[in-house]
Amino acid sequence: MSGCIGFPNGTISQPVGKVIVDEEQYTMMPGDYEWKEDSIEISTKSTPGINELAELFETLEVNKGDILKLEIDKNPSSISIAKLNEDGTSDILEMKDNEIIMPSESGYYIYEITTSWTNGKQIFVFDVNVD
């Protein structure tokens, strides 16, 4: 689901999230989305699950300890990041200066970014292979 939803008195666009690796930008897969502005309410919750969203994203090849930068439209008031590990466990990550550090162990990881604003919230997903 992408693009804008147009209304007679304006347009509400869904925020876009990007992950930047070595100055290359990759658009993260959008998941659940809620937005409320004026008398307009938008909610999408029928999106695929985390694993399906990760499959739709072109897996990034990164090195241990690489730094990835996140850019998310509309300056979210809060961002939380969960890293899903191959063994089914997950970790909550700290983000500093919109950057996250890749794991020190090789493997496949899915990242779920939960963002929120005064008017709504959005989940983004991307995955990496750490070499």
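## Glu37 and its surroundings

The side chains of Glu37 and Trp35 are joined by a polar contact of 2.8 Å, a polar contact being a pair of N or O atoms within 3.5 Å in which, within protein, one must be able to donate a hydrogen and the other to accept it, with residues adjacent in sequence counted only if both atoms are side-chain atoms. Glu37 lies in strand 5, where strands (E, at least two residues) and helices (H or I, at least four) are DSSP runs numbered from the N terminus. Glu37 is partly exposed, with a relative accessible area of 29%; on this scale buried means under 20%, exposed over 50% and partly exposed in between, for a 1.4 Å probe and protein chains only.

Leaving out residues up to four places away in sequence, Glu37 touches Ile12 and Asn119, contact meaning heavy atoms within 4.5 Å. Glu37 and Asn119 are 82 residues apart in sequence, yet 6.3 Å apart in space from C-alpha to C-alpha.

## Basis and confidence of the model

This is a predicted model, in which local features need pLDDT of at least 70 and side-chain atom pairs count only at pLDDT 80 or more, while totals for chains, interfaces and linings use all residues. Residues are numbered from 1 along each chain as its sequence is written, and side-chain values use heavy atoms, with hydrogens and water left out.

The protein averages a pLDDT of 91, and 92% of the residues score at least 70, pLDDT being the predictor's confidence in each residue, from 0 to 100. Over residues 1–9 the pLDDT is below 50, and this stretch has 12 contacts in the model beyond near neighbours in sequence. Where pLDDT is low, the predicted coordinates should not be read in detail.

Strand 5 and strand 6 run antiparallel and are joined by 5 bridges, two strands being paired if DSSP finds at least two bridges between them. Within this pairing, Glu34 stands opposite Ser43 in strand 6.

Asp38 is exposed, with a relative accessible area of 75%. Another positive phi, near 40°, belongs to Asn75, which is placed in the loop between strand 8 and strand 9 (78–84) and is exposed, with a relative accessible area of 67%. Most residues other than glycine have a negative phi.

An open sheet is formed by 4 strands in the order 4-3-8-11, with antiparallel pairing. Strand 4 (24–27) and strand 11 (99–101) stand at the edges with a single partner strand each, so one side of each is left without a neighbour in the sheet. Neighbouring strands of this sheet are turned by 30° against each other on average, direction ignored, where axes are lines fitted to C-alpha atoms (for helices over the stretch in contact) and angles run from 0 to 180 degrees between N-to-C directions.

Strand 8 and strand 11 pair in the antiparallel sense over 3 bridges, and Ile67 stands opposite Ile101 in strand 11.

## The nonpolar core

The largest nonpolar core has 31 residues, of which Leu60, Leu68, Tyr111, Ile113, Phe126 and Val128 touch the most other members; such a core is a set of buried Ala, Val, Leu, Ile, Met, Phe, Trp, Tyr and Cys residues joined through side-chain atoms within 4.5 Å. Among the elements that each supply at least two residues of this core are strand 5 (29–37), strand 6 (40–44), helix 1 (50–56) and strand 13 (120–130), and strand 13 gives the most, with 6 residues. Residues up to four places away in sequence aside, the contacts of Phe126 include Val19, Met28, Phe57, Leu60, Leu68 and Tyr111.

## Two further buried residues

Leu53, placed in helix 1, is buried with a relative accessible area of 3%. Beyond residues up to four places away in sequence, Leu53 touches Met29, Pro30, Gly31, Pro48 and Val125. Leu53 and Phe124 are 71 residues apart in sequence and 8.8 Å apart in space, C-alpha to C-alpha.

Gln14, found in the loop between strand 2 (10–13) and strand 3, is also buried, with a relative accessible area of 13%. A polar contact of 3.0 Å joins the side chain of Gln14 to that of Gln122.
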